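I opened this notebook to record what I looked up in one structure. The entries are grouped by topic.

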Amino acid sequence: MTRAYTVKGKKRKNKEVSAKYDREEDEEEQIQPKKPAIQKEEPTPVVTKTEENSELAGIPIAPSTVKNSEEPGVIFVLEKASLEVAKVGKTYQLLNSDDHANFLRKNNKNPGDYRPDICHQALLSILDSPLNKAGRLKAVYIRTEKGVLIEVKNYVRIPRTFKRFAGVMLELLQKLSISAVGKREKLLRTIKNPITQHLPPNSRKAGLSFSSDKLVNMNDYLSTIPSDQDIVFVVGAMAHGKVETDYTDDYIAVSGYPLSAAYCITRICNAIEGKWNIL
């Protein structure tokens, strides 16, 4: 009896073991991971140097409303403009009294003398004028406090915000020229001194200063200039002080009150536009 019981127990144990192995094999077949689908890689487009340089860095040109005229015109010279670059921290920046007051004081400089915004406002007044759009603005020149002479084309679009203007001036003083967007034409560039070699030889050159003893009405003053003669106006682009040059024919004051450079230019442009019937 004992032997028979042992045999039955072995058969039952073998059945349980075989059932266990069958169950594990079934589970392995169900758990087998699916092979991931192979995705075709798209070829990376190759950018040639010609395509990279198709859009050149620069600043835009004004719309075609600016005309070219063969008639006598006006030239503006902005003297003693505060356009100075210095390394502040790890980067080079155009110095101004708002952002670099502490830096300037540490270097024993007066923050009030660093006002590039005056030059910015003056340029906008000149280039936005109907005088320019009518083609009677011949040229604009800027001479910095350090003596760097800059030529500005009359159809350039100067940035409206001061931050962008400061970036343009920084690039100009580092690279010495700035071209138009997508073109090789230089809209802003540094040129050789003296300024007199760039001015028309037969032009009337007038410097403006509030401290001048010659207070004039602009309409009366313009009536004394021949209609076939170019006019050069020299305006100070600094916070305070007097413009002293050796190439002006006379110094005049256009108001009995101190005016900003931008408003002084506006008064001059309005008087000339009235004389030449530019509406």
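The entries below go from the whole chain to single residues.

**Entry 1. Basis**

I worked from a predicted model, in which local features need pLDDT of at least 70 and side-chain atom pairs count only at pLDDT 80 or more, while totals for chains, interfaces and linings use all residues. Residues are numbered from 1 along each chain as its sequence is written, and side-chain values use heavy atoms, with hydrogens and water left out.

**Entry 2. Whole chain**

I found 8 helices and 10 strands in the chain; helices (H or I, at least four residues) and strands (E, at least two) are DSSP runs, numbered from the N terminus. I noted that 42% of the 279 residues count as buried. Buried means under 20% relative accessible area, exposed over 50%, and partly exposed in between (1.4 Å probe, protein chains only). Among contacts with a separation of 6 or more, 75% come from residues 24 or more positions apart, contact meaning heavy atoms within 4.5 Å.

**Entry 3. Strand pairs**

I took two strands as paired if DSSP finds at least two bridges between them. Strands β2 (residues 85-88) and β3 (residues 91-94) run antiparallel and are joined by 4 bridges; A86 has Q93 as its bridge partner in β3. The hairpin of β2 and β3 has 2 residues between the strands, and G89 takes a positive phi near 70° there.

I then turned to β7 (residues 186-191), which runs antiparallel to β5 (residues 149-152) with 4 bridges between them. In this region L149 stands opposite I191 of β7. Strand β6 (residues 177-179) also pairs with β7 in the antiparallel sense, over 3 bridges, and S177 has R189 as its bridge partner in β7. The hairpin of β6 and β7 has 6 residues between the strands, with G182 at a positive phi near 75°.

**Entry 4. Largest pocket**

How much space lies in the largest pocket? I recorded about 490 Å³. On a 1 Å grid over the protein atoms alone, a pocket is an open set of points where a 1.4 Å probe fits, with protein on both sides within 12 Å along at least five of seven lines; lining residues have an atom within 4 Å of a point. Grid points are joined across faces, edges and corners, and the volume is the space filled by probe spheres set on the points.

The largest pocket is lined by 27 residues, of which F210, G236, L259, S260 and A261 are the closest to its centre. The elements that give two or more residues to this lining are α4 (116-127), β9 (231-236) and α8.

I followed A261 further. It belongs to helix α8 (residues 261-275) and counts as buried because its relative accessibility is 11%. Not counting residues up to four places away in sequence, A261 touches I118, A122, V235 and G236. A261 and I118 are 143 residues apart in sequence, yet 7.0 Å apart in space, C-alpha to C-alpha.

**Entry 5. Rings and charges**

I counted 2 aromatic pairs in the structure. Rings of Phe, Tyr and Trp (its six-membered ring) pair if their centres lie within 6.5 Å; planes under 30 degrees apart count as stacked, over 60 as edge-to-face and the rest as tilted. F162 and F165 form a tilted pair, because their ring centres are 6.3 Å apart and their planes stand at 40°. They are 3 residues apart in helix α6 (residues 162-175), and so about one helical turn separates them.

Is F165 buried or exposed? F165 is buried, with a relative accessible area of 0%, whereas F162 is partly exposed at 26%.

A charge sits over a ring if NZ of Lys or CZ of Arg is within 6 Å of the ring centre and within 35 degrees of the ring normal. I noted R136 over the face of W276, 3.9 Å from the ring centre. The charged end of K242 sits over the ring of Y251, 5.8 Å from its centre.

**Entry 6. Loops and backbone**

P159 is in the loop between β5 and α6 and is buried, with a relative accessible area of 7%. Leaving aside neighbours within four places in sequence, P159 is in contact with H120, L124, R164, F165 and V168.

I found a cis peptide bond joining N193 and P194, with omega about 5°; P194 lies in the loop between β7 and β8 (204-208).

N108, which is not a glycine, has a positive phi near 55°. N108 lies in the loop between α3 (101-106) and α4 and counts as exposed at 74% relative accessibility. N277, in the segment after α8, is not a glycine either and has a positive phi of about 60°. N277 counts as exposed at 60% relative accessibility.
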